[in-house]
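I have one structure to go through today.

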Amino acid sequence: MNVGDIVKLRPNFRRMISNVNEQCSSIGTVIHVNGIGNIDIMLSSAEILTGVMLGNVEKVNESR
C-alpha cells in the first residue's frame with residue numbers, strides 16, 4: 001500500500017465504524033503508511049481514519 005492509493009473499506013469494518021459515525025463513507029485515499037503496515041485514510045466525506053490495519057481495506061486503484 002502506498003500514499004495516494006484509493007481504498008475501499010471492507011463491509012465488516014465499515015459496519016463497525018458506522019456504529020460510531022453513521023455518515024462514514026466507504027471510499028478513501030491513503031495519506032500515510034507507517035512501518036508496521038497500518039495506514040491513515042482520508043475518506044471522501046473529509047474524515048480521517050488513523051491506524052487502520054491493511055486487512056480492513058481493499059485497494060481499488062493505484063496512484064500514478
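S25 is in contact with L9, R14, L43, S44 and S45, leaving aside its neighbours within four places in sequence; contact here means heavy atoms within 4.5 Å. This is a predicted model, where local features need pLDDT of at least 70, side-chain atom pairs count only at pLDDT 80 or more, and totals for chains, interfaces and linings use all residues. Residues are numbered from 1 along each chain as its sequence is written, and side-chain values use heavy atoms, with hydrogens and water left out.

Where does S25 sit? Its place is in the loop between α1 (11-20) and β2 (27-33). Helices are DSSP runs of H or I with at least four residues, strands are runs of E with at least two, and both are numbered from the N terminus. S25 counts as buried because its relative accessibility is 13%; the cut-offs are under 20% relative accessible area for buried, over 50% for exposed, and partly exposed in between, with a 1.4 Å probe and protein chains only. The S25 side chain also makes a polar contact, at 3.1 Å, with the side chain of S44. Such a contact is a pair of N or O atoms within 3.5 Å; within protein, one must be able to donate a hydrogen and the other to accept it, and residues adjacent in sequence count only if both atoms are side-chain atoms.

Next, the core. Which residues make up the largest nonpolar core? There are 12 in all: V7, L9, F13, I17, C24, V30, I39, I41, L43, L49, V52 and V57. At least two residues of this core come from each of β1 (6-9), α1, β3 (39-43) and β4, and β3 gives the largest share, 3 residues. By definition, a nonpolar core is a set of buried Ala, Val, Leu, Ile, Met, Phe, Trp, Tyr and Cys residues joined through side-chain atoms within 4.5 Å. Leaving aside neighbours within four places in sequence, F13 is in contact with L49, V52 and N56.

On strand β4 (residues 48-52) we also have I48. I48 is partly exposed because its relative accessible area is 47%.

Last, the whole chain. The protein has 1 helix and 5 strands, in the pattern β-α-β-β-β-β along the sequence. Of its 64 residues, 31% are buried. Among contacts with a separation of 6 or more, 43% are between residues 24 or more positions apart.
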